[in-house]
Amino acid sequence: MSASVLFDAPGPKAKVRNVIYSVIGSAALLGLLVWVVLRLNEKGEFDGALWDIFNYSGIRQNIFDALIATLKAFALAGVFSLIFAVVLCVGRLSDHRPIRWVSVAFIDLFRSIPLLITIFALWVGILGDMTPLWALVLGLTIYNGCVQAEVLRAGINAVPKGQREAAYALGLSKTQVMTSILFPQAIRSMLPTIISQLVVTLKDTSLGFMILYPELLYSARLIANNTPVNGTYPFVQTVTVFGVIYIGLCLALSSLATWIEKRGRRAKTGIVVAAAAEPAEAPGVLDAGTPLGPTVAAEPGPEATGGAPGTPAEAPDPSDGDTDRPAGDSDGPKGDKGDSDGQVGKSN
């Protein structure tokens, strides 16, 4: 049984409790859903005439145009916010104090101000006359750029400092280190958070209805307020349809993020190691009987010296009296070893 880093693996009793809690929670959620459906049915919200308004070509075209307007604002705000985030992140990590202080103050200021106030201030002309589209895009760019800058800064700080120091030791400039080493790794490690913030950007485009930008929420408001059916305004039906559209867009963006992350994990990066080649010449095989050290010519065997097998024979000592006499001498008694002159005695 393997234990997780965050919690211990549950035992048999804990597993039974977890199953019971899951069944109770699912039953409660299902009961709440059934109660909501029954309440809506009592009020006649499932009347076919109320849902039939979405079969009108004019309403369908209105929804399609609102969807295109939402995707247009999201695409512009997403791209500009990422570019602005890189600029703010570089300024946040700058070695120059004035640039770093300005970046920190800007990020903290616009992360504290509600996004709706920023969008409305831009629309009323604080920076000049702006169309609703560009007021919405610029407001989303400023706010989400500040958030994405902090995400990138966290990713850069997570890169081991040894890589940065090694790059500087190789003579790379700070721009080269940021573009070729730090930012690629930071983007890859923080990609899920970046995509999550882009999902938030997509949902925040709904604030455009406050400045009369014709996005999805603005279109839903027009349809619900201006299309009564038998004296009933289709608020529930409109919210349901447009809610499904928003959920579909967010799920599609999340699926794209998951696909990009899996593709990045499968990417082959780094140094390619060459395959091992055959040696140019086969190495020789050592004979077990070949001596590894320097050999002595004509060494007497162990039997001649009386030693154990494998023990090298000792060289004869010239001072030893047991040495053989040179050829030509008679067989006489050997000289006395204690003779100080060291000469051998002659025969009688």
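Reply: Let's start with what a helix is here: a DSSP run of H or I, at least four residues long, with the numbering going from the N terminus. Keep in mind that this is a predicted model.

With that in hand, look at the loop between helix 10 and helix 11, where you'll find Asn-230. Helix 10 covers 216-226 and helix 11 covers 235-266, and Val-229 is in the loop between them as well.

Take Ile-53: along the chain it sits 176 residues from Val-229, yet in space their C-alpha atoms are 8.5 Å apart.

Now step back to the loop between helix 9 (191-204) and helix 10, which holds Ser-206. Ser-206 has a relative accessible area of 16%, and buried means under 20%, so it counts as buried. A polar atom of its side chain lies 2.7 Å from the backbone oxygen of Lys-203. Not counting residues up to four places away in sequence, Ser-206 touches Glu-215, Leu-217 and Tyr-246. Leu-212 is found in this loop between helix 9 and helix 10 too, and its phi, near 65 degrees, is another positive value in a residue other than glycine.

Helix 9 itself has 14 residues and reaches 20 Å from its first C-alpha to its last, close to the 20 Å expected at 1.5 Å a residue. Its buried residues include Leu-191, Ile-194, Leu-198 and Leu-202.

On to the rings. A pair of aromatic rings is described by how far apart the centres are and by the angle of the planes. How many aromatic pairs does the structure hold? There are five. In one of them, the rings of Phe-80 and Trp-134 have centres 6.5 Å apart and planes at 20 degrees, so they're stacked. Phe-80 is in helix 3 (residues 57-92) and Trp-134 in helix 6 (residues 132-158), so this pair ties together parts that are 54 residues apart in sequence. Phe-80 is partly exposed at 35% relative accessibility, and Trp-134 is partly exposed at 42%. Phe-120 and Trp-123 make a tilted pair, 5.8 Å centre to centre with 55 degrees between the planes. They are three residues apart in helix 5 (residues 115-123), about one helical turn. Phe-120 is partly exposed with a relative accessible area of 42%, and Trp-123 is partly exposed at 29%. There's also one aromatic cluster formed by Phe-84, Phe-106 and Phe-110.

One last stop is Thr-141, found in helix 6. Thr-141 is buried, with a relative accessible area of 7%. Leaving aside neighbours within four places in sequence, its contacts are Ala-77, Phe-80, Ser-81 and Phe-84.

How values were computed. Residues are numbered from 1 along each chain as its sequence is written. This is a predicted model: local features need pLDDT of at least 70, side-chain atom pairs count only at pLDDT 80 or more; totals for chains, interfaces and linings use all residues. Side-chain values use heavy atoms; hydrogens and water are left out. Helices (H or I, at least four residues) and strands (E, at least two) are DSSP runs, numbered from the N terminus. Buried means under 20% relative accessible area, exposed over 50%, partly exposed in between (1.4 Å probe, protein chains only). A polar contact is a pair of N or O atoms within 3.5 Å; within protein, one must be able to donate a hydrogen and the other to accept it, and residues adjacent in sequence count only if both atoms are side-chain atoms. Contact means heavy atoms within 4.5 Å. Rings of Phe, Tyr and Trp (its six-membered ring) pair if their centres lie within 6.5 Å; planes under 30 degrees apart count as stacked, over 60 as edge-to-face and the rest as tilted. The expected span of a helix is 1.5 Å times one less than its number of residues.
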